[in-house]
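Me: I'm new to this one, so could you walk me through its charged pairs? Here it is.

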Amino acid sequence: MAEDVQKHSVHTLVFRSLKRTHDMFVSDHAKPISRDEQSNKVKMAVKLRAEYGAILHMPLMKEGRDKDHMLDPYSHGYADPASMPEYQITGTHPYPSGPGLALTADTQMQKMPSEGGVHALALALPPSQARQDIGRTAASVGDIHRHAGGAERSLPPHHGMSLMEGGGTKTLVPRKAPTMPKPQWHPPWKLYRVISGHLGWVRSIAVEPGNQWFVTGSADRTIKIWDLASGKLKLSLTGHISTVRGVAVSNRSPYLFSCGEDKQVKCWDLEYNKVIRHYHGHLSAVYDLDLHPSIDVLVTCSRDSTARVWDIRTKANVHTLTGHTNTVATVKCQNAEPQIITGSHDTTIRLWDLIAGKTRATLTNHKKSVRSVVLHPRQYTFASGSPDNIKQWKFPDGNFIQNLSGHNAIINTLAVNSDGVLVSGADNGTIHMWDWRTGYNFQRIHAAVQPGSLDSESGIFACTFDHSESRLITAEADKTIKVYREDDTATEESHPVNWKPEILKRKRF
């Protein structure tokens, strides 16, 4: 006989069901779920890469460890911190390699450090390690900031890490990478003298070592010597039968050297004002020449795609530097290696080994012909000018530093002084003034042409600073020589730096 089932309200049944469920799971209440090892590994790898990827790509074992176990600082593998409890982080920047520092609870690293952060890290080095790091090449704070903006090395904003200190603790917080340091203020330059006298385009300029006079070469086939202080003509030399494209005054002897489109290279004795030597060998127009600062060697470059090294005394052709595939437009010499630098219409710059007479390095970054190269008087760097960009490079291997963009014209000439003012002169008559360190364009000049000349005749063919670096001399297409000087009345308030870092984006090429 069927037993009657006791009937309950829905509320009672639901409550009982909840109670049964609660009793079943009450023992596991607040107990963590067992960890899945594989999921945990993936999670930790993602966290490492996202938060510490900026520094984990350069781990190094401590100095005293067995060298066999040292990791390659440039390898891109990620080391497991558990496997090496004390490992070092070297370098605070992808470009310069800095001193190493043990990563402990007290010290944490950053990618693009603030100045205070770098000093804090430097103080944290133990004395023994500080001694070991003395011999190691380390980038200064200034260098780190200086190279932070280059596109070749720039990183997305979220990659930057900044060291924040508060209440005795240090934490890593993301910080936007600096784009460009603030440029140094330079007074503007103004035209104060126009010198006339040549009957053709003025193509070249050189200032003598005593800073008393300067010499110009022109398309009227003459070389003229001018008094620097008064601007008066002192002497005219004739002998070339075509445009004089290059002049140089020796600081070791009373000689003046000139070259021209007549394929001739001449040595003038300034005590007699006569040609005493000819250097024969170029097969086409000679476009530029330069004297080696410490040995009696002359280097010329030509439209025949070669540069030639001459012994000044014996007139012997020591080397013929071949490798360019088009006109070699500019040549520069220096004491340090590489001793010869050439720029060519084949868009390349070559750094030469003077002893072997061979190319050390070829720089191919420019897209258009390189008509001018200038060496910085104090730093181990140089700049090259081309219609696409002015580029700065680091010796000895020609490592790229930065682009100076904005002078959209055919750049014929560059000059730089030890104050860090770079001048570029172009075929359309414009002169741009740049701050060397930051690449900031602080002044643009377009001087009026000489009365009676066409506007199309405004063009800058050569420019140079005198040895006091207080005057800038330009050679122009309106047959004049213009002399500029700094504006003494200008102040930082009257001519402020119009600096907008967000619009000064670096282009790679």
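Me: How many salt bridges are there by the count?

Reply: Keep in mind that this is a predicted model. Side chains of opposite charge can pair when their charged atoms come close. To count here, a Lys or Arg side-chain nitrogen has to sit within 4 Å of a carboxyl oxygen of Asp or Glu. By that rule the tally is 9 salt bridges.

Me: Which residue does R245 form a salt bridge with?

Reply: Start from strand β11, residues 244-249, where R245 lies. Its partner is in the loop between β12 (255-260) and β13 (265-269), so the pair ties together parts that are 16 residues apart in sequence. The closest N and O atoms are 2.7 Å apart, and the partner is E261.

Me: Is E261 buried, exposed or partly exposed?

Reply: Buried means under 20% relative accessible area, and exposed means over 50%. R245, at 16%, is buried. E261 has 28% relative accessibility, so E261 counts as partly exposed.

Me: Which residues are linked with K482 in a network of salt bridges?

Reply: K482 pairs with E476, with 3.1 Å between the closest N and O atoms. The side chain of K482 also meets that of D478 in a salt bridge, at 2.9 Å from N to O. So the network that holds K482 links it with E476 and D478.

Me: What is the relative accessibility of D478?

Reply: K482 and E476 are both buried, with K482 at 2% relative accessibility. D478 counts as buried too, and its relative accessibility is 1%.

How values were computed. Residues numbered from 1 in each chain as written. Predicted model: local features only at pLDDT ≥ 70, side-chain atom pairs only at ≥ 80, totals over all residues. Heavy atoms only, no water. Helix = DSSP H or I, 4+ residues; strand = E, 2+ residues; numbered from the N terminus. Buried < 20%, exposed > 50% of the residue type's maximum accessible area, 1.4 Å probe, protein only.
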